[in-house]
Amino acid sequence: MDFIDYYQLLGIDKSASQAEIKKAYRKMARKHHPDLHPNDADAQKRFQQLNEANEVLSDPKKRKKYDAHGKNWEQAEQYEQARQQQSRSQQSSRAGGFNGGEQYSGNFEDDTFSDFFEEMFGGRARSQGAHRSPQFKGQDVQARLQLNLTDVYKSQKQVVNVNGKKIRFSIPAGVENEQTIKIKGYGGDGVEGGPKGDLYITFHIHNNSAFKREKANLYKTIEVDLYTALLGGEITIDTMDGKVKLTLKPETQSGAQVKLKGKGFSKYKKEKEFGDLYITYQVKIPTHLTEKEKDLFKELQKLRS
Amino acid sequence: MEREYIEVKEICVVYQVEHHFIQQLRDSGLLELVLIEQKHYLPYQFIPRFEKLKRLHYELEINIEGLEAIENLLERVEKLQEQNRQLKNKLSIYE
């Protein structure tokens with residue numbers, strides 16, 4: 001895991017006072033607060049790092065350790081572990097490591113802080129009850145869910161596993177590709193007793209159908225044989241909710257479009273309302289004509305000229 | 001029947017905010033309150049909005065004028081994000 005320069009993150013000098021750290025943290029938090037960056041995972045990650053930097057630098061004990069080991073913290077950690085092992089074997093008791101002797105909160109997700117932080121200060125190293133830091137809403141969690149277009153034609157319940165928690169929620173029919181929905185209170189735990197973050201699920205909808213989709217409208221191009229196009233007739237086409245019989249007018253042109261009202265896709269959050277289906281006819285010219293067919297077409301040609 | 005409103009007094013207790021803060025949000029048009037029998041209520045649908053404004057105000061110390069500016073800009077950002085998403089989906093028809 002990479003070393004994180006908390007001073008650089010907060011834009012302060014190593015000799016910064018507690019007041020300067022607090023001021024810098026406030027300034028950066030204002031810039032990267034998740035509420036100011038809807039649907040921006042990068043800003044949320046950065047905010048998480050800022051919280052982490054503040055957590056370490058605003059605690060004199062943690063700051064001292066961080067300053068002492070700096071970039072060589074990894075080697076220092078190995079040394080510390082070796083020392084602890086020795087101590088364990090001597091005392092046959094639990095070694096506290098960096099956390100020794102302190103009471104730690106168990107309310108935080110393991111992945112709330114970076115690997116660097118976990119490695120250096122322990123997974124549950126955050127102090128409780130000191131109230132040095134202001135309350136902050138928990139980290140918002142971003143998740144992606146891949147679905148087929150045919151899956152979102154009707155509303156459905158889905159269970160997703162986010163950070164080991166099973167969350168059951170409804171996917172409304174008509175949800176769009178790259179659309180994000182928010183599930184309140186299913187994100188990370190709050191900082192210093194702040195409210196829980198939210199879970200944002202972005203849908204990646206794979207079009208597994210023969211239709212093109214634009215919002216609730218669907219588009220499809222249908223090949224029609226020359227004779228049906230010329231003389232008219234009936235064809236059967238597939239729609240999202242079954243087969244439909246269409247009557248073609250005589251002399252239907254290639255590229256002609258018909259609208260089938262209400263045969264499109266489900267409208268988002270509008271129960272039992274549907275868009276339209278647009279069918280474009282593409283007239284298929286016959287190939288491999290027999291001699292007789294050629295003669296007959298020539299006859300037709302003469303009639304037209 | 002499900003409750004549709006929460007009384008402002010209750011909000012102050014639950015969220016530990018001053019009544020004055022909610023008044024300021026109402027006066028600036030950031031929050032719409034409903035008056036029922038001489039008591040002010042917040043419709044439940046506006047709770048997420050209130051929570052966001054509360055976080056910005058108390059956590060980041062943004063004053064009411066700042067909240068107004070942020071709300072306007074966030075609305076624009078969300079509109080542009082939505083427009084961008086729709087255009088991307090529209091473009092995929094021609095791909």
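Select A:Lys22 to begin: this residue counts as partly exposed because it has 18 C-beta neighbours inside 10 Å, where a residue is buried if 20 or more other C-beta atoms lie within 10 Å of its own, exposed if 12 or fewer, and partly exposed in between, with C-beta atoms placed from the backbone. A:Lys22 sits in helix H2 (residues 18–32) of chain A; helices (H or I, at least four residues) and strands (E, at least two) are DSSP runs, numbered from the N terminus.

What is on screen is a predicted model, in which local features need pLDDT of at least 70 and side-chain atom pairs count only at pLDDT 80 or more, while totals for chains, interfaces and linings use all residues. Residues are numbered from 1 along each chain as its sequence is written, and chains are lettered from A and ligands numbered from 1 in the order in which they are written.

Now widen the view to the whole of chain A, which has eight helices and 11 strands. Of its 305 residues, 22% count as buried. Among the chain A contacts between residues at least 6 apart in sequence, 57% join residues at least 24 apart, two residues being in contact if their C-beta atoms, placed from the backbone, lie within 7 Å.

Next, select strands S6, S7, S11 and S10 of chain A, which form, in that order, an open sheet of four strands with mixed pairing; two strands pair if DSSP finds at least two bridges between them. Strand S6 (212–214) and strand S10 (257–260) stand at the edges with a single partner strand each, so one side of each is left without a neighbour in the sheet. From one strand to the next the twist averages 30°, with axes taken as lines fitted to C-alpha atoms, for helices over the stretch in contact, and angles running from 0 to 180 degrees between N-to-C directions.

Within this sheet, follow S6(A) into S7(A): the two pair in the antiparallel sense over three bridges, and A:Glu214 stands opposite A:Asn217 in S7(A). They form a hairpin with two residues between them, and A:Lys215 in the turn has a positive phi of about 55°. Then move across to the pair made by S7 (residues 217–225) and S11 (residues 277–284) of chain A, which is parallel and spans eight bridges. Here the bridge partner of A:Leu218 in S11(A) is A:Leu277, and A:Ile222 stands opposite A:Tyr281.

Turn to chain B and select S1, S3 and S2, which make an open antiparallel sheet of three strands in that order. Strand S1 (5–7) and strand S2 (34–36) of chain B are at the edges, each with a single partner strand, so one side of each is left without a neighbour in the sheet. The twist averages 45° from one strand to the next. S2(B) and strand S3 (residues 39–43) of chain B run antiparallel and are joined by three bridges, with B:Leu35 opposite B:His40 in S3(B). Helix H1 (residues 8–15) of chain B packs on this sheet, touching S1 and S3 of chain B, and its direction makes about 75° with that of S1(B).

Finish between the chains, where 16 residues of chain B are in contact with 19 residues of chain A. On the chain B side, helix H3 (47–60) and helix H4 (64–94) are the elements that give two or more residues, and H4(B) supplies the largest share, 10 residues.
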